[in-house]
Amino acid sequence: MTTITMASRAAASLVLPAAPATPAPIADAAQHAEKAIPTCTWQPPDAGMECSQPLGSGHPTLCILHNPAGDKDVAEFDRAVQAKIDQEETNPQIPQVDLTGVVFPSGIQPLRRAFSKPVNFSWARFAGQADFRYSRFSGDAEFRNVRFAADANFAYTRFGGQAHFWGAEFAGETAFVGAAFHREANFSSVQFSSTGDFQGTRFEGDVDFSHSKVGKALNFQHISFPSSNMDFSVLFQDMVLERARSVRFEDMDLSRVSFLRTDVTQVHFVGCSWGHRADPLLWPLPLRGPRVLSQRRVVLFDELDLETAPDKDQASRDRRLVADLYRQLRQNLEASRQEAEAGHFYIGQMEMRRRDPSNPPLYRLMVSLYRVLAMYGESYLRPPFFYLLFASIAALFYLSGGLETGSGTVQASVTGLTWTQLPEFARGYVQAMVQALSAVGMLGGAINSKTWWVPAVYYVNMLLGTFLLGFFVVAVGRHFKR
Ligand SMILES: [Zn+2]
């Protein structure tokens, strides 16, 4: 097999000695030599239509569209491209406008026009500026693996069908300002070597920027998504942001956006909104039902996505990734001194730890307690509330156990209380309460009682009070620090 191929290649180079000067992407000149009418021998890198254009651009095996020479006649090229588009648009036998692998020289006419059929630009190369402004693609627009060597302008372009830019390379400045994608917009594995500008772009289907690389800046401003359809997703996963500080998301609804495995620590988020969910106010399980006892918190789309994941092991791994994402967003906002907003993401980070079944049960219990008592140090209302609650319960214990004060013993039966004993009981309770409240940091000193368990209650009272005081100080620091 190998020898036959080599022999025919050798024969071809004998017939066409000019061929090696400008090698074709796929040089199979032997096949061309066998054909009666010489047509272009360009073949698509993946399965697709071959070119049937006549030769005549000076290249021995390629038509003017596929000729990679930089000095080909631009006027002649423009005529050939327009003629091909017109012919394929009007011929009902042809399903799409096929411009795969076409090499667009610099200085060409703008390509802005209305395409009624699906258009395929896959593997095309644009040596100069590509101007698609105000174009309308009614069918699918394929731009897979396209190389734009200079600026590419798709401002105010309308994509009626799916838009596939998978694997495309944008070397110059790229603009999709005011563009509208009515169906899926796929920019996965795209390389933006310079800047990508998506200002006022409208996305109405799924959006995918996963695995794309950004060399300089990426700008998403005033982006609108469909409000009625809540089934779409926007993926910014696994992105490589070489200058994350120049990546900006402004005035954008991020409630359906996934940033999994993309480092967003330095990305700018300005005036963006996030998703919310209602969590139980206190303890997770028994109080799940009533909405009154729930609390809204900021939630990432990736966390909500975990709950529908069929693979539990994968969900556990992803939970750690989501926890990391919360941490990055917290750091991001802390760096810009947005402490209160950063707190929302800290809660998310802790929630991921609490829900991760791979963490030890005792650790998860402690995290749960921290949540109930202080919302992970974010709430400055919970610690004083629980401080008062625990003190009032401890006071009841002191009263029934008996307190030794300077003026005698304070003791009252909590169970057999009558109306006439009430003022006496209230006086005793106030004294016990003072003792309970001042237990924090042993302000009140040691407790005196003849009952053995009263000091034990006192130490628990002291310990809890000290923790709650600490949580309170932390929360106040986070919320009111300058
Ligand atoms: Zn061709």
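The model is predicted, and local features are given only where pLDDT is at least 70, side-chain atom pairs count only at pLDDT 80 or more, and totals for chains, interfaces and linings use all residues. Residue numbers start from 1 along each chain as its sequence is written.

**Overall composition**

The chain holds 10 helices and 31 strands. Helices (H or I, at least four residues) and strands (E, at least two) are DSSP runs, numbered from the N terminus. Of its 482 residues, 33% count as buried. A residue is buried if 20 or more other C-beta atoms lie within 10 Å of its own, exposed if 12 or fewer, and partly exposed in between, with C-beta atoms placed from the backbone. Of the contacts in the chain between residues at least 6 apart in sequence, 37% join residues at least 24 apart. Two residues are in contact if their C-beta atoms, placed from the backbone, lie within 7 Å.

**The parallel sheet**

An open sheet is formed by seven strands in the order β6-β10-β14-β18-β22-β25-β27, with parallel pairing. Two strands pair if DSSP finds at least two bridges between them. At the edges are β6 (130–131) and β27 (268–270), each of which pairs on one side only.

Strand β6 pairs with β10 (residues 152–153) in the parallel sense over two bridges. Asp131 has Asn153 of β10 as its bridge partner.

Strand β25 (residues 247–250) is joined to β22 (residues 218–221) by four bridges, and the two run parallel. Here Gln221 stands opposite Glu250 of β25. Three bridges link β25 to β27, also in parallel, and Arg248 stands opposite His268 of β27. The covered face of β25 carries Val247 and Phe249, while Arg248 and Glu250 are on the uncovered face.

Helix α6 (residues 339–355) packs with helix α7 (residues 361–374) at an angle of about 145 degrees, and their axes are 8 Å apart. Axes are lines fitted to C-alpha atoms, for helices over the stretch in contact, and angles run from 0 to 180 degrees between N-to-C directions. The α6–α7 crossing is left-handed; this term applies if the near helix is turned anticlockwise from the far one by less than a right angle, and right-handed applies if clockwise. Helix α6 contributes Met350, Arg353 and Arg354 to the contact, and α7 contributes Arg364, Val367, Ser368 and Arg371. These residues divide into two nonpolar, one polar and four charged. Ala, Val, Leu, Ile, Met, Phe, Trp, Tyr, Cys and Pro count as nonpolar, Asp, Glu, Lys and Arg as charged, and the others, Gly among them, as polar.

Helix α10 (residues 453–480) has 28 residues, which at 1.5 Å a residue should span 40 Å; its end C-alpha atoms are 40 Å apart, in agreement. The expected span is 1.5 Å times one less than the number of residues in the helix. The buried residues of α10 are Val454, Val457, Tyr458, Asn461, Met462, Gly465, Leu468, Phe471, Phe472 and Ala475. They pack against α7, α8 (382–401) and α9 (422–437).

**Single residues**

| Residue | Other C-beta atoms within 10 Å | Class |
|---|---|---|
| Phe192 | 27 atoms | buried |
| Tyr376 | 21 atoms | buried |
| Asp238 | 15 atoms | partly exposed |
| Ser358 | 9 atoms | exposed |

Phe192 belongs to strand β17 (residues 191–192). Leaving aside residues up to four places away in sequence, Phe192 touches Phe170, Thr174, Ser212, Lys213, Val214, Gly215 and Leu218. The C-alpha atoms of Phe192 and Lys216 are separated by 7.7 Å, and the two residues lie 24 residues apart along the chain.

Tyr376 sits in the loop between α7 and α8. Its phi is near 60 degrees, a positive value in a residue other than glycine. Asp238, in the loop between β23 (234–235) and β24 (240–241), also has a positive phi, near 55 degrees.

Ser358 is placed in the loop between α6 and α7.
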